[in-house]
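Please look over the sequence and the model below before reading the notes that follow. They are arranged by topic, so that each group can be compared with the picture.

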Amino acid sequence: GTVSNSSVVGVIVTGPSGCTASTTLTMVENAITTVGTIATVSTTICPGVVPAPITGTAGAVAPGGTLGYQWQSKTDSSTWTNIGINGTSATYTPTAPITEKIYYKRITTSTRGGGAIVCQEESNVVAVSMETLPTAVLKGYPGIPPAGEVTATGTLTVCVGETAYFYGSGTGAVEYEFFIGGASAQARSAVSTYTSSGLNTGEEVTVRTYNAAGCFVDSDIINIVTTTPPVIDFASSLPDNVTFCSNTAITFTASSTGATNYNFTIDGGSVQSGASSTFLAVAGTVSNSSVVGVIVTGPSGCTASTTLTMVENAITTVGTIATVSTTICPGVVPEPITGTAGAVAPGGTLGYQWQTSPNGNPPWTNIAINGTSATYTPTAPITSSTYYKRLTTSTRGGGAIVCQEESNVILVS
């Protein structure tokens, strides 16, 4: 600070004879009149991202000097180093991503004497720090959780056509994006779950978690292996597998190669589960429109199911029979035996069959003449006591399925 621009520095020398002489130097200050300041729009960024440009206000030098800049950077563990690319402009635009905290400053220079004399001053320092990345954890399930949980980097075995469930989580995570084979399968959102029923063997599922600053990290992968569900043959002891007479026991049989378990259900509720491939539904267990099903577990653990919707060939009204005279003379034709109308459920064809027995016990014999109407009119005389009854029938399937119920019994003696 003793000498400034244009200062004249001189010396007066006294010789041995007492005489004096003098000379001077007129000083020139290679001054940097304005250093300038630097700043950036974002001092905290995600690791692996290129920092935003670091802008600088213009520097200035005294007349006669040539203005110049040199940007420098350092880490917490290194010394200041000149920046080569884009490092000599008023503003520095980084070109490479960074993964740790970096400090930046700009040196403003004034050059004279054809480059021989360079003076410099430093700007303020700007630090660009790293956001803390979230963590990313991925869990997968072959069906409704929590059964069968697999974490990355595991292998998830999924039955073809079944829905697989995936859950993403992570410290600091606020949004999630799911990928299959590197392609986005569910867009970035606050939803941390993903489901799919169309996965294939060899595919890889990952989740990308984002923090509040938008920084992200990818989870490890879950590998997908798909297996084929079992093939089921399912039948019953009924002629058409589904149509039954009221109060009838029905046997259901399922078969599947390599099956390890058969779970029989009625209207969705399990009624028998185990290694047995047959199920006996006792009379009254199944009703009209009951859905009888079986869930079969195959050797790979995959399940398949099938159902039979049952049809009750019901006789809703049997009807009763009566006659005006239950005691007649031997050799006389009995009076007509009248019957109230029977009724069957929709889809059945109503019918009747009259029968006789000499003692009211089996075997009963079908009556041919006039024997298929609601009322029976005898045509021949009888000489001994005779028992009569009427069967009310419901027929389906073109006559293949006939159910019947008996009326009361009439004795004509």
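Leaving aside its neighbours within four places in sequence, which residues is Cys302 in contact with? In this predicted model, the residues that Cys302 touches beyond those neighbours are Cys159, Thr227, Thr228, Pro229, Pro230, Val296 and Thr297.

**The chain as a whole**

- The secondary structure consists of 38 strands and zero helices.
- The chain has a radius of gyration of 50 Å, whereas a compact globule of 413 residues would have one near 22 Å.
- Taken along the principal axes, the box filled by the C-alpha atoms is roughly 190 × 40 × 25 Å.
- Buried residues make up 37% of the 413 residues of the chain, and the chain exposes about 21,000 Å², of which carbon and sulfur atoms supply 54%.
- Among the contacts with a separation of 6 or more, 59% are between residues 24 or more positions apart.

- Cys302 is placed in the loop between strand E28 (291–297) and strand E29 (303–309).
- Although Cys302 belongs to a loop, its relative accessibility is 1%, and Cys302 therefore counts as buried, the cut-off being under 20%.
- One of the residues that Cys302 contacts is Pro230; the two lie 72 residues apart along the chain, yet their C-alpha atoms are separated by 7.0 Å.

**The nonpolar cores**

- In soluble globular proteins, nonpolar side chains tend to be buried together.
- The largest nonpolar core of this model has 20 residues, and those that touch the most other members are Phe234, Phe252, Phe264, Val286, Val294 and Met310.
- Two or more residues of this core come from each of strand E24 (250–255), strand E25 (261–266), strand E27 (278–281), E28 and E29.
- Phe252, not counting residues up to four places away in sequence, touches a list of residues that includes Phe234, Phe264, Val292, Leu308 and Met310, as well as Ser236, Ser277 and Thr278.
- Another core, of 16 residues, lies apart from the largest one, and its members include Leu138, Val158, Phe166 and Ala173.

**The salt bridges**

- The model has four salt bridges, and three of them are described here, beginning with the one between Glu122 and Lys105, whose closest N and O atoms are 2.9 Å apart.
- This pair links distant parts of the chain, since Glu122 is in strand E11 (residues 117–130) and Lys105 is in strand E10 (residues 102–112), 17 residues apart.
- Glu122 is partly exposed, with a relative accessible area of 48%, whereas Lys105 is buried, with a relative accessible area of 5%.
- Glu175 and Arg188 also form a salt bridge, with an N to O distance of 2.7 Å; because Glu175 lies in strand E16 (residues 175–180) and Arg188 in strand E17 (residues 183–189), the pair ties together parts that are 13 residues apart in sequence.
- Glu175 has a relative accessible area of 25% and is partly exposed, and Arg188, at 38%, also counts as partly exposed.
- Lys389 and Glu406 form a salt bridge whose closest N and O atoms are 2.9 Å apart, and this pair links strand E37 (residues 386–396), which holds Lys389, with strand E38 (residues 401–412), which holds Glu406, 17 residues apart.
- Lys389 is buried, at a relative accessible area of 4%, while Glu406, at 48%, counts as partly exposed.

Methods
Residues numbered from 1 in each chain as written. Predicted model: local features only at pLDDT ≥ 70, side-chain atom pairs only at ≥ 80, totals over all residues. Heavy atoms only, no water. Salt bridge = Lys/Arg side-chain N within 4 Å of Asp/Glu carboxyl O. Helix = DSSP H or I, 4+ residues; strand = E, 2+ residues; numbered from the N terminus. Buried < 20%, exposed > 50% of the residue type's maximum accessible area, 1.4 Å probe, protein only. Contact = heavy atoms within 4.5 Å. Core = buried A, V, L, I, M, F, W, Y, C linked by side-chain atoms within 4.5 Å. Rg over C-alpha atoms; globule rule 2.2 N^0.38 Å. Areas by Shrake-Rupley, 256 points an atom, 1.4 Å probe, with all protein chains shown as cover.
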